[in-house]
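Here is a friendly walk through one model, for anyone meeting it for the first time. Have a look at the sequence and the 3D view, then read on.

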Amino acid sequence: MTLLITVFAAVITTVIWYNRKNDDMKLGALVFMYWGASIMWLVDAIYEYAELGADYFSPAIKDMVNDTFLGVSVVALALVIWLVRLLILDPKGKLSASLKKSA
């Protein structure tokens, strides 16, 4: 489930990034984080399949719930990192303008 969730997030983010005319939101970093996580989970799946064989395709419900929670957590963590990076870079200058206005 972790691989499936991160691949969906990577594909959706890549399509959004590719169809944008400008990169004000700095989606490229988010795309790389999701694809990096997807590659990591793919390698993990390959090694787990090599270890378990055909049993890999019939996981227990507990393992599926655990993997789903982990996949959602990875996607959420990447979003948090991306948002913090976006606030630090402040590509449109709105945060710095807001801070100057209030000071």
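## A first look around

Y56 is partly exposed, with a relative accessible area of 26%; buried means under 20%, exposed over 50%, and partly exposed in between, using a 1.4 Å probe and protein chains only. This is a predicted model, where local features need pLDDT of at least 70, side-chain atom pairs count only at pLDDT 80 or more, and totals for chains, interfaces and linings use all residues. Residues are numbered from 1 along each chain as its sequence is written, and side-chain values use heavy atoms, with hydrogens and water left out.

Back to Y56 and its ring. Rings of Phe, Tyr and Trp (its six-membered ring) pair if their centres lie within 6.5 Å, and planes under 30 degrees apart count as stacked, over 60 as edge-to-face and the rest as tilted. That rule gives 3 aromatic pairs. In one of them, the centres of the Y49 and Y56 rings are 6.3 Å apart and the planes sit at 80 degrees, so this pair is edge-to-face. Ring pairs also tie Y49, Y56 and F57 into a cluster.

Here is how some residues compare in accessibility:

| Residue | Relative accessible area | Class |
|---|---|---|
| T6 | 0% | buried |
| G36 | 38% | partly exposed |
| Y49 | 42% | partly exposed |
| F8 | 52% | exposed |

T6 belongs to helix α1; helices are DSSP runs (H or I, at least four residues), numbered from the N terminus. What does T6 touch, leaving aside its neighbours within four places in sequence? It is in contact with Y34, A37, S38, W41, V74 and V75, where contact means heavy atoms within 4.5 Å.

Now for helix α2, residues 27–52. Its 26 residues at 1.5 Å each should span 38 Å, and the end C-alpha atoms are 37 Å apart, which agrees; the expected span is 1.5 Å times one less than the number of residues. The buried residues of α2, including Y34 and W41, pack against α1 and α3. Just after α2, G53 has a positive phi of about 75 degrees.

F8 is also in α1. Along with M1, L4, I12, I16, I61, M64 and V65, F8 forms a nonpolar surface patch with about 780 Å² of accessible area together. Helix α1 gives the most to this patch, with 4 residues.

Notes:
Patches are made of residues with over 30% relative accessible area and no salt bridge: like charges are joined within 9 Å, nonpolar side chains (Val, Leu, Ile, Met, Phe, Trp, Tyr) within 5 Å. Accessible areas come from the Shrake-Rupley method with a 1.4 Å probe; for residues, only the protein chains shown count as cover. A salt bridge is a side-chain nitrogen of Lys or Arg within 4 Å of a carboxyl oxygen of Asp or Glu. Helices (H or I, at least four residues) and strands (E, at least two) are DSSP runs, numbered from the N terminus.
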